Amino acid sequence: CDGSNMEVVNRLPRPTDPAALGRLVDAQRILCSRCVSEDDCEHAQALLEELAKPTEAGGFGYFPALLTLASLHEAGFEPAISQDGAKAARYYLELLMHEKASSGLSVELLDEAATQLCSLVKDGKAALQEQELSQLQELASGEGSGAAGSVSSWARFAATEAGRQLQEAKEDPAVREERLARKKAREEQRAQELARQQEAAREALRRAEELRQQGNDDYRQGQMPGNARARQDFERAVHFYAGATDVLSECLGGLTIAADEANEVRRQRGILHSNAAQVQLMVENWFEAAELAKKALQDDPEGVKPKYRLARAQVGLGEWENAAQTTDEALSALKSKGDKEFGDMRLELWKLAEEISKTLPAWQWSSSKPAAKEKKAEDDYERKIVGTWEYGPPGSGQCYDVVLEKWGALLWREKEMQIDLLRKSKLRWRGEYEMISGMVLNLSYEPGSDVLMTEFIPPPDVPEEHRWKGPSKFTARRVSPQPTSDPPQPDPEPPPAPPPDPTPRPSPVTSPAEGSAATAEEAAAPEVVLPKSTPQELWLSGCSEVSGRYELLPDASAPGSALGRHAVYRRVGDGEALYLWYRGGNWGVTASLKSSSLAAPFLARCPDTSGRTRHPMEVRRPRWYVRKGRGQEDLAPGLQLCSAPVALAAGQASERRPGNAEGEKRVEGPSLQAADLPSVVIISGRSGAYSEVNGRYELSKSTWAGRPIYMKADQKETPLVALDLEKPLALFFDHGYWVVAREISSLPRALARCRHLRGVGGSSHLADGSGVAWEFLCDESHVGHLVSLDTRKYMVDRSIDLQIVDADGGIIPSATLGAASEEERAFSPPARRSFEHDSQAPTGDVAAGIACQRWVARASGEVAGEEVRVSIVMQDSVSIDMQDLSLDVAQKVLKVALKGYDVFEFELPAAVDTDANPKARWMEKTRTLRVRLSLGTPSPPPPSGGAG
């Protein structure tokens, strides 16, 4: 039985005549039988035709049977009724033209009959003649059943198509053949054009995807903490997104017949506009972000992310009512969305709505805020993981602790290592190790077996050869009892103690009674004394939030550290009290001395990679990072920590030379007002690689670290410069060098550099560096996206000529500059030294300072027991071979000679035994020469004279 035919029979109205009803039932029984013979099919057809025949013709006048007959001939019914589109079309037309059809049948059945008739005509199966065409035109004009539903519309379409088919049937065969050929050619041309447009759309989407991925990479790179080039990365991301949208827009104009591809291209363009809006929000370009979000909504009017980003931009522009309207529309669009896919977006929108409500308290939101899910007591596994956990083989002693502080911070500790944990899900926690950026710890708790799955994930930018090859995932077992479900009541916090007096003073002598009050832990703590070289005062500059003078607190200690292990400094002055101290492998500034990074986050920090420094001035290569928000920080190249106040204004600089503690002598550099700075500098003589350094550099209004910046005046306009993807060359001072680079930053990628004779604290005049050979970049090794200075090698080019144009427009000869530079050597500071045995630095000048020895970076010496230990750090660009080194020891001076360089003389902090052989060791990793010398025997006092 054909289901569609049976459905038609069941939907027909029942005839009032019992005889007619009996015939209809018989036909229904036959059509629904499992096995039907040809005689049965013919009998059922005869019953239906008798029912449909008018009463005056001997029938029953039951016209709805025409619908069943039409359905049977349209689809066919095995084994006796074959498909006959022409007969089915006439049955449909006869039904629709019946005078009682509009009143005796439902509108749904009439529309279905008209639809099927139109389909048969369109497919060319109806074969209607002039008479049937006239009937169709009558239906189209509203006669008969044409007034019901959409029958007239379908009839109008069928009449047009039937008229065209009749006209084609009457035309000349030659004309028909020519017309069909033209039609076939048009169809082939359309198919070719469709294929071309589809291929163009695929190619445009491919190119846009490549640009989008590059933009995504730059966007992620800009989000990395400590990235000093974050803004440039964000700008590059916007350029890539704009290029991708241009590709799609150009393609979209040519997609005239490829509707599906056009919709996909339009959707992808909306995503790119939305991504670019997010990047503009990161750099607080509110107007551009709003415009891009509006463009995204034009391509995707129902997009929730573009609406959220448009609302954020409108908040930044101060358009509070528009922001409220946009946010409300986005919240309304999320009513029918599930929490699994849009739960996070709904929370972000409500956070934005709460921010808007503070400014517009009378605004009424069209949807209500979802109630916060209450946290069940049994679901809180945070306290259950507190305790000591053992990993590795049983009994190996490899353990770590999970600690829950009173203020709610969850900490992971193993020996000196500590990581703050943040909850990611019901049974998962995540933390990042502050000492290594990108180093992640994941904890996963299995409550059934009471084990912790511990996984360390190394930073993604670590080279493959340096990656840890051993296991990084462990199963830890509990070795301490599980804490009870009832949390202990926290002890009442004692009243805050008054801030310690920053003035250094001797420790008070306590009586035996007072001493007995000390805890056993304090009594057992080993006494550690800070070295005498620890600065009593430090000056931090370059960031208004943490800048100021910091004084040493002799009686203070970092939480969890023994007294005297690391120095603790406190800012003094009118500003808020801040502390400079050591925590978790970093020297940093916090608002309080608390061990948790949640309770006291670093406002600024400098990693200590060695882990052996006692005060912040011992950090070899300080790199300061400044907090920009929760979990976000940026590299602060302008932040500097000094042991003496720095006063650099309009090119003025001063240097301190070693002297007595009370009468320390200060030598001022040449006074350079803004008018004394050269307005133009000319560099010439370079050929080959980086010859673009040659040219004229003019003084700009900007400064870097208190020194002037010169911009190249004859910079050629390249496509990268025009798109702001490559900066023009600049000449500026950084870390003891005058450098030529495209990025004005700390430790830039310098194409050329020239060491300043007076080091970091020298004057701002470029003439101080003349007479010293320029070095050009000859090799570099990229590690990840950012390149450190250690990966670059430079080669000396003595053909470079530096000319300075004075205020009158005249050029100062190079010989004059060189002579002035020789005089400046008198201001060169001596080698940096520390003396453990005496708090006073020795007076007097050193015969040859480090500034005059280009192969020595710095040197220090100290007395340790019966030895004098000297450390000499060599320049990275100098190749060291122990066979080319020679030592010469005098009683108070150590001379070090390197083949091809001048002799370096270092004044020793104490007299040494010249007869004993010195012990020297070269450490290539740190490029340090360590020399150990035996102390000399003190000379006996002269005999006292006898009485005359």
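Helices (H or I, at least four residues) and strands (E, at least two) are DSSP runs, numbered from the N terminus. This is a predicted model, in which local features need pLDDT of at least 70, side-chain atom pairs count only at pLDDT 80 or more, and totals for chains, interfaces and linings use all residues. Residues are numbered from 1 along each chain as its sequence is written, and side-chain values use heavy atoms, with hydrogens and water left out.

Helix α4 (residues 65-75) is largely enclosed by the rest of the structure, because nine of its eleven residues are buried. Buried means under 20% relative accessible area, exposed over 50%, and partly exposed in between (1.4 Å probe, protein chains only). Among the buried residues of α4 are A65, L66 and H73. Just after α4, G76 has a positive phi of about 85°.

A salt bridge puts a side-chain nitrogen of Lys or Arg within 4 Å of a carboxyl oxygen of Asp or Glu. By this rule there are 29 salt bridges.

| Pair | Closest N to O |
|---|---|
| E209 and R212 | 2.7 Å |
| R686 and D797 | 2.7 Å |

R686 lies in the loop between β20 (680-684) and β21 (695-704) and D797 in strand β27 (residues 792-797), so this pair ties together parts 111 residues apart in sequence. Both R686 and D797 are buried. E209 and R212 both belong to helix α10 (residues 173-222), three residues apart, about one turn of the helix. E209 is partly exposed, at 29% relative accessible area, whereas R212 is buried at 18%.
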